[in-house]
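Please look through the sequence and the model below before reading my notes. I have set them out as numbered points, each on one topic.

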Amino acid sequence: MTTTTAPPAGVQPAPETPKPRRRARRTAGEGRMAALLLSPTLLVLALVILYPLLSAVHQSLYRAESGLDADGFVTDVDAFVGLANYADLFVGESGRRFLNALGNTTFFTVTTVFLETVLGLCLALAMNRAFRGRSFLRASILVPWAVPTAVSGLLWRWIFQSDGIANTLLGSEILWTAEGTASRMAVIIAEVWKTAPFIGLLVLAGMQVIPGEVYEAARIDGAGWWRQLGSITLPLVKPTLLVAVLFRMLDALRMFDLPFVLVGPGKESVETLSMLAWDESNQLRYGSASAFAVMLFLYVALVAIVFVKVLGADVTGAKELRLGSKKRAKITKSASIQKAEATR
């Protein structure tokens, strides 16, 4: 039998230590306040993204057809055709144009993004070095990116005229703005010139956060410039580079204004999916135009999912901050140890 010993007279019992309580769940008021604060953003996103997307999907299920009204007059009505507009994307003349535009879009995306990545990396390496005139170089690299795309297209159209600067320097008479391979080359050159600085600036931002002690330790160990580039610079800027390439690929897949202004509409060699959708809507065939637009949306979404899930592109930056801080701390600690051993 357990007995309880009473405290002596005049002695207050010690207060019980309160047990730590778990963090209280969010109250209903906090949830309503969060929903209220986010409602303007969600409303804007619904108006500019969700509604146009649903409208395009709905419009792609209809097709304008001619018919007779009750009075016997010919009228154009939107008839429900289901998935017929999507089935027509792979057969007949419409299918040929769609596959050609899909091939052009993919070709321009892969080619321009690859060249922009290589050139942008070179620009970032040049801007990251300490030399006289570096500020002027950084400012001048921003000029092509700051020029509007339509203005850039007009500029390069003037350069690629039959009697323009390009043919004068080459000593030839190439028809850059006509059909064929020359028009594709003109679009690629103009696109790379304009958007390579974008990748260069993002990669430069990633290089700026690399600790200098890492390169100092590598030089002490005898690593040359190429070894530092392959073992330090590229691995540490990989997350930033993947995000830059993802943004550029999503932008290149929607390419419209540059080939439209530089070469012109209706050119089979440079017609993209966006230009094809515009041409269909310009011909008042809104059902097929919406089908082209929906297919382009699915194509862009597929590329984004592959980059984020397969290649590990960290769009939000959370993974980069979490892993990058650990990696930099580990590298810095290793570099400090190597430096201390070298100075003994």
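1. Where in the chain is the place of Leu 284? Leu 284 sits in the loop between α11 (273–282) and α12 (286–310), where helices (H or I, at least four residues) and strands (E, at least two) are DSSP runs numbered from the N terminus. Its phi is near 65°, a positive value in a residue other than glycine. Most residues other than glycine have a negative phi. Leu 284 is exposed, with a relative accessible area of 55%; buried means under 20%, exposed over 50%, and partly exposed in between, using a 1.4 Å probe and protein chains only.

2. A word on the basis of these notes: this is a predicted model, in which local features need pLDDT of at least 70 and side-chain atom pairs count only at pLDDT 80 or more, while totals for chains, interfaces and linings use all residues. Residues are numbered from 1 along each chain as its sequence is written, and side-chain values use heavy atoms, with hydrogens and water left out.

3. Taken as a whole, the chain has 13 helices and 2 strands, and 33% of its 344 residues count as buried. Among contacts (heavy atoms within 4.5 Å) between residues at least 6 apart in sequence, 68% join residues at least 24 apart.

4. Helix α9 (residues 225–253) deserves a careful look, for it has 29 residues and yet its end C-alpha atoms are only 35 Å apart, short of the 42 Å that a straight helix would reach at 1.5 Å a residue; that expected span is 1.5 Å times one less than the number of residues. The helix α9 bends by about 55° at Lys 238, and a proline, Pro 239, follows within four residues. The bend is the angle between axes fitted to the seven residues ending at a residue and the seven starting there.

5. Which residues does Val 270 touch, leaving aside those up to four places away in sequence? Among them are Asn 104, Phe 108, Ser 183, Val 187 and Met 275. Val 270 lies in the loop between α10 (257–262) and α11, and at 0% relative accessibility Val 270 counts as buried. Glu 191, placed in helix α7 (residues 181–208), is also buried, at 6% relative accessibility, and the residues that Glu 191 touches include Thr 112, Glu 116 and Arg 248.

6. Please also follow the salt bridges, each a side-chain nitrogen of Lys or Arg within 4 Å of a carboxyl oxygen of Asp or Glu; by this rule the count comes to 11. Arg 96 and Glu 93 form one of them, at 2.8 Å, N to O, and both residues lie in helix α3 (residues 92–128), 3 residues apart, about one turn of the helix. An α-helix has 3.6 residues a turn, so residues three or four places apart point the same way.

7. With Glu 280 the closest N and O atoms are 3.6 Å apart, and because Arg 97 lies in helix α3 and Glu 280 in helix α11, the pair ties together parts that are 183 residues apart in sequence. Both Arg 97 and Glu 280 are buried. With Glu 271, the salt bridge of Arg 97 spans 2.7 Å, N to O. A network of salt bridges links Arg 97, Glu 271, Asp 279, Glu 280 and Arg 285.
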